[in-house]
Amino acid sequence: MTQAAVGFVGLGLMGAGFTRRLVETGHQVAGFDVDAVKLRAAADWGVAPAKSAAAVARACDVVLASVLGSGAQSAVEDVALGPEGVVAAGGEGKIFVDLSTTDLETTQRIAAALAKDRGMMFVDAPVSGGPGAAKSGTLAIMAGGTDAAIARIAPLMRDLGKMTHMGPVGTGQATKLVNQTLVLTNYCVLAEALRLAQAHGVDARKIPEALAAGHAGSNLLAAVFPQMLAEDFAPRGFARQVLKDLELLQAAARERHLAMPMASQALTLYRLLVAAGKSELDATAVVTLYPKP
C-alpha cells in the first residue's frame with residue numbers, strides 16, 4: 001500500500017539510503033538536492049524531483065533533511081529558513097525533521113523560527129549507523145521534540161530504524177554528541193590496536209572473531225577493523241564529516257567547561273587527516289596516520 005507523501009532534502013550518501021528505504025517501504029517521496037546529479041540519480045529509484053526545499057514542503061506535510069559539509073549547520077539553516085527553504089512554503093500542520101548532526105544553538109534557532117513564523121513543528125533526530133543502516137532501516141535515531149511531534153513521525157521513523165525520544169528539542173543532538181564521543185574516539189583506538197597487532201605478528205583478520213565474546217567485542221570492531229586492514233577507504237562517512245562533528249563536540253564541551261581529553265585527541269588526529277588531503281576518504285582512514293610496523 002502506498003503511504004502518504006514524504007519530503008526529503010539532501011540526497012548524498014545518507015539521503016540516498018534514506019530515500020531508497022522510504023520508497024521500498026511504500027512511501028511516495030519528493031526530494032531535492034542542490035547537486036543536480038544526485039537529484040537525477042534519486043529519480044532512478046523513485047524519488048520525485050523538486051526544484052527547491054520550499055517546493056518539497058509545499059508538496060508534503062512531513063519534510064526530512066540530511067545535509068552535511070564543512071558548514072553543515074549553515075546548510076541545515078538554509079534548508080529550513082532560507083529564501084527557498086521549507087519556511088517559504090507555509091507551515092501550519094507541517095513538521096520538519098532534521099536528521100543531520102547540527103549544533104545545539106542552530107537547532108534551537110530553527111525550531112523557534114519555524115514555530116513562530118509558520119506554526120511548524122520541529123524534531124531534531126540525528127542518526128547513527130551509516131548509509132547501509134539507512135538503506136536497511138536499522139538506524140539508531142535520537143529524537144528531541146514535543147510529545148505531539150514525536151507521535152506524528154513515529155510510524156515513519158519505524159521504517160527507518162529505532163527511534164528513542166530523548167526529551168525536548170535539542171536533546172536529540174545532545175545525545176548524538178554522546179554517540180560521537182564513543183564512536184569517533186573508538187576509530188582512533190581501533191587504529192592503534194590494529195598497528196599493535198601487526199607489530200607483534202598477530203593475524204589481525206582474526207581479531208574481531210577472537211574478541212567478539214568479550215568486553216572488547218562491538219559492532220564497530222567487526223565493521224571497522226576489516227576496513228582498516230584492507231585499507232578500504234571508500235567513504236561510508238567522510239573524514240571531513242567526522243572532523244565537523246568533533247568540532248561541534250569540542251564547542252559543546254567548552255560551553256559547559258567539560259574536560260574531554262580523549263575526544264580532544266581524536267579532534268587533533270582528524271585535523272591532521274583532513275590537512276593531509278584525505279577529507280573525502282572514509283573516517284577509517286585515520287589509521288593511515290599511524291605508521292605500519
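Start by selecting helix α8 (residues 171-199) and helix α12 (residues 261-275): their axes come within 9 Å and cross at roughly 65°. Axes here are lines fitted to C-alpha atoms over the stretch in contact, with angles running from 0 to 180 degrees between N-to-C directions. α8 is therefore roughly perpendicular to α12, a label for angles of 65 to 115 degrees. Look along the pair and you will find a left-handed crossing, meaning that the near helix is turned anticlockwise from the far one by less than a right angle.

Keep in mind that this is a predicted model, where local features need pLDDT of at least 70, side-chain atom pairs count only at pLDDT 80 or more, and totals for chains use all residues. Residues are numbered from 1 along each chain as its sequence is written, and side-chain values use heavy atoms, without hydrogens and water.

Next, show the side chains where α8 and α12 meet. On α8, pick Leu184, Thr185, Tyr187 and Cys188; on α12, pick Met262, Ala263, Ala266, Leu269 and Tyr270. Contact means heavy atoms within 4.5 Å. By class, eight of these residues are nonpolar, one is polar and none is charged.

Now zoom out to the whole chain. Colour by secondary structure to see 12 helices and nine strands, which are DSSP runs (helices H or I, at least four residues; strands E, at least two). The C-alpha atoms fill a box of roughly 65 × 45 × 35 Å along the principal axes.

Finally, colour by accessibility: 49% of the 293 residues are buried, that is, under 20% relative accessible area with a 1.4 Å probe.

Conventions: Angles under 35 degrees count as roughly parallel, over 145 as roughly antiparallel, 65 to 115 as roughly perpendicular and the rest as oblique. Ala, Val, Leu, Ile, Met, Phe, Trp, Tyr, Cys and Pro count as nonpolar, Asp, Glu, Lys and Arg as charged, and the others, Gly among them, as polar. Buried means under 20% relative accessible area, exposed over 50%, partly exposed in between (1.4 Å probe, protein chains only).
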